[in-house]
Amino acid sequence: MTANAHAKEDAASTHVLAQLASLLRSGDVQAALALTEAASATRATPDEAAPEEAESDGVGRIVSPPLDTLSFIERCQSGGGYDYWANVPVGASYTEECEIGGRLAEEFVDFIGRYHNNGNGALLGSIVIDMEKNGASRGHKIGFLNTINKYAMGAAYLLHSNSDEPEQPWKKCRRLGLELAEALKSTGEQQFAYIAPKGSGTPTLLFGHLDYHPSTETLNATPDTRGTPEEGRDFSELFYELINLVELAEATLDILREMDYTHGDGSRNAELDRVVALQRVLCTNLGRLRESAEVLDGPKTWVAA
């Protein structure tokens, strides 16, 4: 039993050393260190042996089958390790060899996708080195690496699209506006919202009812079953409608102020000047009307004289 245990431990050590040499040859020092730590932990707990012919990542613990599961990789007959470009068929033409290389790359991508551990993360470098050493044709290289490049480009696109770049202000406004519109719709009522820019000196967000009109809406009307006339009305909503009207007028004035007041020949646009003057007068009078209507701000019930 002791001799058998020592034989298994020697075989495992040889396997780990071969994989460690492969990682160091590919330049993946981090994965080599992780593999060393995992091997040390395994020796400390011999009762928890890994499954035979399985390669486990030291960090993610993702068990991988032996590398010669791939059709173009075979285990070396002597010295341990793998030949990472072996038994690759030769095509009858450049196009056919490109297809062979692409097919093997698809096999490789499927393998590392299923078993994405640190060891397999260093596998591509070893494959490329042995492609050159074993005389892979130009078609094999182009087909294999172009296919890998296709998948890398897809991953890079996803990485770029999920980056934390600042959102363009108008796109953000439109996105938030759509979300607000959906929220208003979900209330089941006919409502609108008015949003003022920050720092404008007005309420940032105002709400109103699209179907409200002072001549038809009576919020506090309480007619009895005999059809008696209503006793009073709450005009606080009218006050808020005036606020909305003032805000819309001032927003229109701001837009007019930003327009170009000169013609193509450099002369002054007198018509636009008059429109702005009229709009300014409108804003002034609406502002006074709003101040006068503050008395209507509820909760109050107004009874006809």
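Biologist: With which residue does Arg268 form a salt bridge?
Modeller: Arg268 pairs with Asp273, and the closest N and O atoms are 2.9 Å apart. A salt bridge here is a side-chain nitrogen of Lys or Arg within 4 Å of a carboxyl oxygen of Asp or Glu. Please note that this is a predicted model, in which local features need pLDDT of at least 70 and side-chain atom pairs count only at pLDDT 80 or more, while totals for chains, interfaces and linings use all residues. Residues are numbered from 1 along each chain as its sequence is written, and side-chain values use heavy atoms, with hydrogens and water left out.

Biologist: Is Arg268 buried or exposed?
Modeller: Arg268 is exposed, at a relative accessible area of 51%, whereas Asp273 is partly exposed at 26%. The classes are buried under 20% relative accessible area, exposed over 50% and partly exposed in between, with a 1.4 Å probe and protein chains only.

Biologist: How many salt bridges does the whole structure have?
Modeller: The search finds nine. One of them joins the side chains of Glu106 and Lys150, at 3.4 Å from N to O. Glu106 belongs to helix α3 (residues 94-114) and Lys150 to helix α6 (residues 138-161), so this pair ties together parts that are 44 residues apart in sequence. Both count as partly exposed, Glu106 at 31% and Lys150 at 45%.

Biologist: And which residue meets Lys141?
Modeller: Glu132 does, in a salt bridge of 2.8 Å from N to O. Lys141 is partly exposed, with 24% relative accessibility, and Glu132 is exposed, with 55%.

Biologist: Changing topic, how many helices and strands are there?
Modeller: The protein chain has nine helices and six strands. These are DSSP runs numbered from the N terminus, helices being H or I with at least four residues and strands E with at least two.

Biologist: What is the span of helix α7?
Modeller: The end C-alpha atoms of α7 (residues 169-186) are 26 Å apart, which agrees with the 26 Å that its 18 residues should span at 1.5 Å a residue. The expected span is 1.5 Å times one less than the number of residues.

Biologist: What is found at the two ends of α7?
Modeller: At the start, a side-chain oxygen of Gln168 comes within 2.8 Å of the backbone nitrogen of Trp170. Just after the helix, Gly188 has a positive phi of about 80 degrees.

Biologist: Which residues of α8 are buried?
Modeller: Among them are Phe239, Leu242, Ile243, Asn244, Val246 and Leu253. Helix α8 (residues 236-257) has 22 residues and reaches 32 Å from first to last C-alpha, close to the 32 Å expected.

Biologist: What does Asn244 touch?
Modeller: Leaving aside residues up to four places away in sequence, Asn244 touches Phe192, Leu206 and Phe207, where contact means heavy atoms within 4.5 Å. Asn244 is buried, at 6% relative accessibility.

Biologist: Where is Phe207?
Modeller: Phe207 lies in strand β6 (residues 205-209) and is partly exposed, at 44%. With Ile195 and Leu205, Phe207 forms a nonpolar surface patch of about 280 Å² accessible area together. Patches take residues with over 30% relative accessible area and no salt bridge, joining like charges within 9 Å and nonpolar side chains (Val, Leu, Ile, Met, Phe, Trp, Tyr) within 5 Å. Accessible areas come from the Shrake-Rupley method with a 1.4 Å probe, and for residues only the protein chains shown count as cover.

Notes:
Polar contact = N/O pair within 3.5 Å; in protein donor to acceptor, adjacent residues only side chain to side chain.
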